[in-house]
Structure formats: structure tokens, C-alpha cells
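Subject: Structure handover, pockets and aromatic contacts

Hello,

Here is the structure for your files. My notes on the pockets and the rings follow below it.

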Amino acid sequence: MPHRKLIARLQAVAGLSEQDQARLARMRYKLKTLDNGAYLVREGDRPTNSIVVVSGVLSRQRVISERNQISSFYIAGDMPDLHTLHLPVMDHELRSVGSSTVASVAHADLREMMRDSPGLTQAFWRETLIHAAIYREWIENLGARQALGRIAHLLCELATRMELVGLLDNGSLHLPFTQQDVADACGLSVVHVNRTLQELRREGLIEWRNHTVQLLDRARLEDAAEFSREYLHALEAARSPVCSRSAGELGKNLGNAI
């Protein structure tokens with residue numbers, strides 16, 4: 001059910017009233033499963049729905065001078081194209097990394113929810129601003145850090161974002177990435193990524209096997225990345241597994257698929 005992780009995400013960054021959680025739990029949606037590499041939207045498309053990631057990972061990307069550049073990853077609970085409510089033409093592509101499931105919610109339904117709830121309007125606005133802050137951090141990561149710091153920072157960010165929606169399992173996260181995906185996100189060659197991952201292993205910071213990354217020493221990894229979670233603007237009270245019991249109960253009782 002898409003509302004469960006969405007509620008968890010918004011609860012972590014904005015806080016939601018019980019009434020607003022119920023509104024999200026009642027929202028209508030259509031589910032779609034994507035294979036690895038499938039495109040959800042292409043540059044120039046004019047979507048009439050916004051997407052909630054239910055499971056898996058999406059990448060935002062464009063081909064620039066014959067090189068693919070990934071500028072963000074989106075995990076469960078994220079709405080990667082909420083901006084299409086006001087900017088109707090896509091200026092980038094959204095692609096599935098590994099298999100994923102998404103839920104589409106009609107723009108008309110989102111606008112109705114926001115008309116009825118100033119709290120949800122503020123939560124979605126805050127979420128959009130946080131994604132802008134993440135984008136700024138990615139620019140700084142590419143422009144100012146060496147290879148090890150870039151990759152370490154990417155892993156620290158994803159671990160923190162997954163932790164907020166209950167997807168970090170005892171310091172381990174599932175990432176369906178190839179080394180090419182990491183290269184495209186960090187502005188590096190595949191050879192450089194391979195060498196850097198080996199260095200992170202030698203330093204005892206991570207173990208990466210079969211799409212599972214184990215953070216062996218998260219504090220040292222964050223030091224190597226110069227990582228500070230402040231740009232993610234999460235509410236400290238929400239830094240716990242998944243959202244809340246009430247959100248889970250709402251999800252069981254009020255989901256409304258079409």
C-alpha cells in the first residue's frame with residue numbers, strides 16, 4: 001500500500017495529524033510494476049499523475065554529452081515528480097533501478113487533498129524543499145569531494161533516508177545498483193568506482209555483496225564522507241523504525257485502490 005511509506009516519509013520530515021494520515025490512507029491510486037531499466041517517464045512528457053515509490057529504487061537522469069548523469073535516487077515513500085503539479089513538462093527521465101513498484105495518484109486528487117488540508121499542503125511543500133536541498137548536496141558532492149568521499153556520501157545519505165522509512169536493517173541496506181549506476185551518480189568511471197569500493201572494503205567501512213550493503217562502521221564512513229544529516233531536515237522524534245503504529249493501522253483499514 002503506497003500510503004504506508006508515504007505517511008512514514010512525511011511523518012519523518014513534517015509531522016502529520018491523524019486526519020491527514022487518514023486522508024492519505026484513503027487516496028486513490030493505480031499500481032505499476034517496472035522491470036530493471038524501464039522508464040517511467042521520459043524527458044518532454046506531460047504527466048497527469050504524480051508517483052509514489054512503493055518499493056525499489058528510481059533514478060532521475062539525463063544524457064548529457066553522450067554520458068548518462070544520475071542526479072537523484074528515490075526510495076519507498078518518495079514522490080519524485082510532485083513538481084509536475086506546477087511544472088507540467090518533464091525536463092529529465094525517471095527510470096527503475098532494478099525492479100520496482102510505483103503508485104500513480106491523479107493530480108486532480110492531490111489538488112483536492114491539498115485544498116481540504118493546509119497541513120498536507122505544507123507537508124508536500126516541505127518535502128519538495130527537502131528534495132531541493134538533497135539536489136544541492138549532490139552538486140556539492142560532485143564538485144568538491146574526491147572519489148571515496150563521493151561514494152561514501154551517497155551511501156550515508158541512502159542509509160539515512162532508508163532508516164527514516166524503516167528500510168535499514170541492522171546497518172544493512174538493499175541497493176540494486178550496478179557499478180555503472182554508482183559511476184553515473186558520482187561522476188566517475190566504472191574502473192574508478194571499482195577501485196574506490198575496494199578501498200572502502202579494505203578500510204573496514206562497508207561490505208557489498210549481491211546488492212546488499214552492510215555498513216560496518218557507520219561513524220567512520222560518515223567521517224570519510226563529511227556527512228551531516230542536517231540537510232535532510234528530518235524530525236528527530238521520527239528517527240525510528242517505520243512511521244507509527246497508528247499509520248500502520250490506518251493502512252490496514254483505509255487503503256482504497258482503483
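How do the residues of the lining of the second largest pocket divide into nonpolar, polar and charged? The model is a predicted one, and in it that lining has six nonpolar residues, four polar and no charged. The volume of this pocket is about 190 Å³. Its lining consists of Leu82, His83, Leu85, His86, Leu87, Met114, Thr121, Phe124, Trp125 and Thr128. H4 supplies the largest share, four residues.

The largest pocket holds about 440 Å³ of space. It is lined by 18 residues, and Arg60, Tyr74, His83, Thr128 and His131 are the closest to its centre. Strand S3 (49-64), strand S4 (67-74) and helix H4 (118-144) each give two or more residues to this lining. H4 has the largest share here, with five residues. By type, the lining of the largest pocket has eight nonpolar, six polar and four charged residues.

On the rings: there are three aromatic pairs in the structure. Phe73 and Trp138 are edge-to-face, because their planes stand at 65°, with the ring centres 5.9 Å apart. This pair joins distant parts of the chain, as Phe73 is in strand S4 and Trp138 in helix H4, 65 residues apart. Both Phe73 and Trp138 are buried. Phe227 and Tyr231 have ring centres 6.0 Å apart and planes at 80°, so this pair is also edge-to-face. Phe227 and Tyr231 are both buried.

Phe73, Trp138 and Phe177 make up one aromatic cluster. Elsewhere, Arg42 sits over the face of Tyr39, 3.8 Å from the ring centre.

Regards

Key. Residues numbered from 1 in each chain as written. Predicted model: local features only at pLDDT ≥ 70, side-chain atom pairs only at ≥ 80, totals over all residues. Heavy atoms only, no water. 1 Å grid on protein atoms, 1.4 Å probe; cavity = no way out; pocket = protein on both sides within 12 Å on 5 of 7 lines; lining within 4 Å. Points joined across faces, edges and corners; volume = space filled by probe spheres on them. Nonpolar A, V, L, I, M, F, W, Y, C, P; charged D, E, K, R; others polar. Phe/Tyr/Trp six-rings, centres within 6.5 Å; stacked < 30°, edge-to-face > 60°. Buried < 20%, exposed > 50% of the residue type's maximum accessible area, 1.4 Å probe, protein only. Lys NZ or Arg CZ within 6 Å of the ring centre and 35° of its normal.
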